[in-house]
Amino acid sequence: MNHQATWRETWQAHPLAQAAGRFAANPLAMAGLLLLLAMLLPVTCYPLLPGAAPNAIDLTALNAPPDAAHWLGTDGVGRDVLARVLQGGRISLIVASSAVCISMLIGFMVGAVAALGGSVANAVAMRVTDLAMTLPPVVLLLVLASVAGQGIAPTILVISLLSWPVLARLVRARLLELREREFVIAARGMGGGAWHIMLRHALPNCIDVLIVFATLQLAQAILAEAGLSFLGMGIPPPAASWGNMLNAARSTVVLEHYPWQWLSPGIALLLTELAINFVGDGLSAALNPRSELG
Amino acid sequence: MAALLDIAALRTEFATRAGPILPVNDVSLSVGVGETLALVGESGCGKSVTALSILRLLPRRIGRIAGGSIRLHGIDGDLVTLPEDRMRHVRGGAIGMIFQEPATCLNPLLKVGEQVAEPLRIHRGLSHGEAARAAEATLASVGLPGEDHQAGRYPHQLSGGMRQRAMIAVALACHPRLLIADEPTTALDVTIQAQIIELLRGLQHELGMGLLFITHNFALVADLAHRMAVMYAGRIVEHGPVAAVFARPRHPYTHGLLACMPRLGMAHRLRAGHQTLPTIAGAVPRLDALPAGCSFAPRCVLATDACRRETPALAEVSAEHAVRCLRWSEL
Amino acid sequence: MLYFIARRVAAAGLMLVALSVLMFGLLRLTPGDPVSAYIDPAVPMSEADIAALRHRLGLDRSLPVQYLAWAEAAIHGDLGYSTQHERAPVRALIAERAGPTLLLMGSGLLLATIGGLLFGIISAVRANDWLDIILASLSALGISAPVFLVALIGLFVFAVRLGWAPAGGIATPGVPVTAGDVLAHLVLPAAVFAITQMTMTMRFVRGALLEALGQDYVRTARAKGVAELSVILKHALRNALLPVVTLVGANLGAAVGGAIFIESVFNWPGMGLLLVNAVEARDYPLIMGAALVIGAFVLIVNLLTDLLYAAIDPRIALR
């Protein structure tokens, strides 16, 4: 064994690269990834297209079924449904990803404090986490939304307060495991302070937990925003969101006579959720392989 | 001695990512009535898979018997091809099996007495009451007397030795003709080991059973078995009467294993110039990457080019002693 | 065992107190004068009466005292008066709406458990077989589909287009209420609810049963000659299902959420719809009161399922 490992070989031996390989070999995960890209591309690029106007009113075509001019039909005030679905996707995505980022921050900090901060910190952090998980999620969302109000910023805040406890527990468990491992003890022996340990040692070893969490929580956050908007909170009209478009179906007239108005955002929501869940499951399997016999 | 169990050229195949492997490769052995055959070898050599193959308890989608035949005295037909419903009656009825870990092998939610009574109801058609009484008698015969009410206890309430006795009771409830014991004492304390071995010996005499005893502990082989078979990488490399094999092992692997045991006569062997190694260098080969020729060749100090070219066939040392080595006569 | 019970009850009690503190804190964050929530509209009150009420609620003293006063009132059932519903007392509104919700959730969860068990067992026994793959795909769909979407589709297909079930509500309006009428209105929402909850149970049963079937004691049972059906049902399933008791408690949070959406789609007059309408109207006394009651309910059910689990697992019970 005398040759220097080439750069490529070093990269290929890295655990993340190996996980990426396993992901690529998983047909369900790759299908989810393709579906996700197929949904994300139009949604994110939409505003760049000329003629994109989700709030443009076409008074000649109120509640029109799908046709050549409006591929997914129009709604009660003449707005193009396809345009609103794409716009709604953008808003849902922005809200959900912001909420996930914030909850990841909160969750990581609380989990790290609980694991590395001593027994009092651990007890307090865990009780707070338990409390946050006591109320059923939808109830918590509604209660917080009633206090915070409607709109993009309040909704982001409310959703981020929902998901951090799960991550806090995962991070805490992972860090407790790592705390006893040699490299942490060595880092402390080297004189590393708390911040140094957290950033250089703790964080990199939680990456796989964070990646899987972020993906699955994104799916949950999109659902949470849609649910809130559907129930009348969340994102208020005239802005488009998949949830508030589905809200229209609470009227029997819309439900019965104009199904394209609510089926379109509904199916978009379903496909996005499916895609993210497949990708999330694939990531989880790729990062935590179990050996099997055939 | 009439053959109770006769296994001929058994091959068991497992499906793996890397392709099919043969943990049991052309294995032939036999157990006589009232006789104890010890099946020895290191972990991973295929001993347990052989035992599971006899009862066709291989993992569903992964393992299958690829060839050979298994015959049990008193059963009409080859166990390998027996229809499943008849095979089910062989299990626990004609053949009993005990496993290594009594803690995990007994159902934690059922009382011990119920687990012993179950095969009695299935194979002997006894009623619940009759089976319960018979179970109590069986438990008493393995050293768990009725006065202590062990039958009404759950497995986690018993000590390790008592759990193993309970498992023996479960296996012997229907007085099988053959008992397969897969490392029954490995998980137990040494003092308990001795008790269990005594128990097995006693029961074997009493019931006139054949015993297939799987172990990697040569001391137990010497104590309990009449004949022994040594397995390596899925093949039988030597078999014969225990006394003969211990006195003069003819396969370098057996030789090495026995030399790892501290025993009288070791000084003699060293002086006689045999290359006895206190350890065997190297490791057991992976079944998906077996070397060409003799599987033991990479670790064998006596290996020659001929050994690395062809897999040796079993050669007769005497009427009852056979070995799979090209250079056996030189040992 | 007694020690275990005492510890669990104490823990649940502590959580309940913490929950009430949280609710109180959120309530104080909302705009409006706290005293107005407690003024009974039927009783005319003078300035002196209102001042006395303020004092009783501790509003002229520190926050912790206010909490204790609020908690004391809550324990006695006084959660204030709603700002809507003609200012009816919160307690009365909750009591009125609790029944329909329990009916819906009870029947739905029963169906979900039966279905989940059935399909979970089938997919475990036929693991990795075409049937399992179909069921697994359906469950992936089930987990990804939002409850309200499934509810809307169910309402659209079965009530509106096919006309097999009434399109919402708990009873036909204008006609005297009969049990049969309520049942007819219950079928569709309960069925939809069951389908959305079944997925979790099915996945859990499949996983737990597969794990049990891989255990050593199952191999021992087969080695004894036990018939396959008996191996599955008597040996493996019993062990696999032990934790299912706690599954009910663990999934209750998600089930409550699902019930809220089902009630709003089907116009089912339960606690969920009450809460949703209260949130839309910013009726804070009602919001916090309902949330507190729901939270307490979930805590108590979880406590009971934990105790039940400890009672039936011989490994814990006999310690």
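Trainee: What should I know about the model and its labels before we start?

Mentor: This is a predicted model, in which local features need pLDDT of at least 70, side-chain atom pairs count only at pLDDT 80 or more, and totals for chains, interfaces and linings use all residues. Residues are numbered from 1 along each chain as its sequence is written, while chains are lettered from A and ligands numbered from 1 in the order in which they are written.

Trainee: How do you know how many helices and strands chain A has?

Mentor: Helices are DSSP runs of H or I with at least four residues, and strands are runs of E with at least two, numbered from the N terminus. By that count chain A has 12 helices and zero strands, and its pattern along the sequence reads α-α-α-α-α-α-α-α-α-α-α-α. Chain C comes to 13 helices and zero strands. Along the principal axes, the C-alpha atoms of chain C fill a box of roughly 85 × 55 × 35 Å.

Trainee: Why is Ile214(B) called buried?

Mentor: A residue is buried if 20 or more other C-beta atoms, placed from the backbone, lie within 10 Å of its own; it is exposed if there are 12 or fewer, and partly exposed in between. Ile214(B) has 22 C-beta neighbours inside 10 Å, so it counts as buried. This residue is found in strand 7 (residues 210–215) of chain B. For whole chains, 41% of the 294 residues of chain A count as buried, and 38% of the 319 residues of chain C do.

Trainee: What makes two residues a contact, and which ones does Ile214(B) have?

Mentor: Their C-beta atoms, placed from the backbone, must lie within 7 Å. Leaving aside neighbours within four places in sequence, Ile214(B) is in contact with Leu39(B), Lys47(B), Ser48(B), Ala51(B), Ala181(B), Asp182(B) and Glu183(B).

Trainee: How far along the sequence do contacts in chains A and C reach?

Mentor: Take contacts between residues at least 6 apart in sequence: in chain A, 67% join residues at least 24 apart. In chain C, 69% of such contacts do.

Trainee: What makes a group of residues a nonpolar core?

Mentor: The group must consist of buried Ala, Val, Leu, Ile, Met, Phe, Trp, Tyr and Cys residues joined through C-beta atoms within 7 Å. The largest such core has 150 residues, and Ala151(C) and Ile262(C) have the most contacts inside it. Helix 4 (residues 81–116) of chain A provides the largest share of this core, 16 residues. A second, separate core of 94 residues includes Leu72(B), Val80(B), Val116(B) and Val317(B).

Trainee: Which residues does Ala151(C) touch?

Mentor: Not counting residues up to four places away in sequence, Ala151(C) touches Val192(C), Phe261(C), Ile262(C), Val265(C) and Phe266(C).

Trainee: Why are helix 10 and helix 12 of chain C called roughly antiparallel?

Mentor: Axes are lines fitted to C-alpha atoms, for helices over the stretch in contact, and angles run from 0 to 180 degrees between N-to-C directions. Angles under 35 degrees count as roughly parallel, over 145 as roughly antiparallel, 65 to 115 as roughly perpendicular, and the rest as oblique. The axes of helix 10 and helix 12 of chain C come within 7 Å and cross at roughly 165 degrees, which makes helix 10 of chain C roughly antiparallel to helix 12 of chain C.

Trainee: What kinds of residues make the contact of helix 10 with helix 12 of chain C?

Mentor: Ala, Val, Leu, Ile, Met, Phe, Trp, Tyr, Cys and Pro count as nonpolar, Asp, Glu, Lys and Arg as charged, and the others, Gly among them, as polar. By those classes, the contact of helix 10 with helix 12 of chain C has nine nonpolar, five polar and one charged.

Trainee: How many residues join the chains to one another, and of which classes?

Mentor: Between chains C and A, 36 residues of chain C are in contact with 33 residues of chain A. The side of chain C that touches chain A divides into 28 nonpolar, six polar and two charged residues. Elsewhere, 23 residues of chain B are in contact with 16 residues of chain C. Helix 4 of chain B gives the most to the side of chain B that touches chain C, with four residues, and that side has 12 nonpolar, seven polar and four charged residues.
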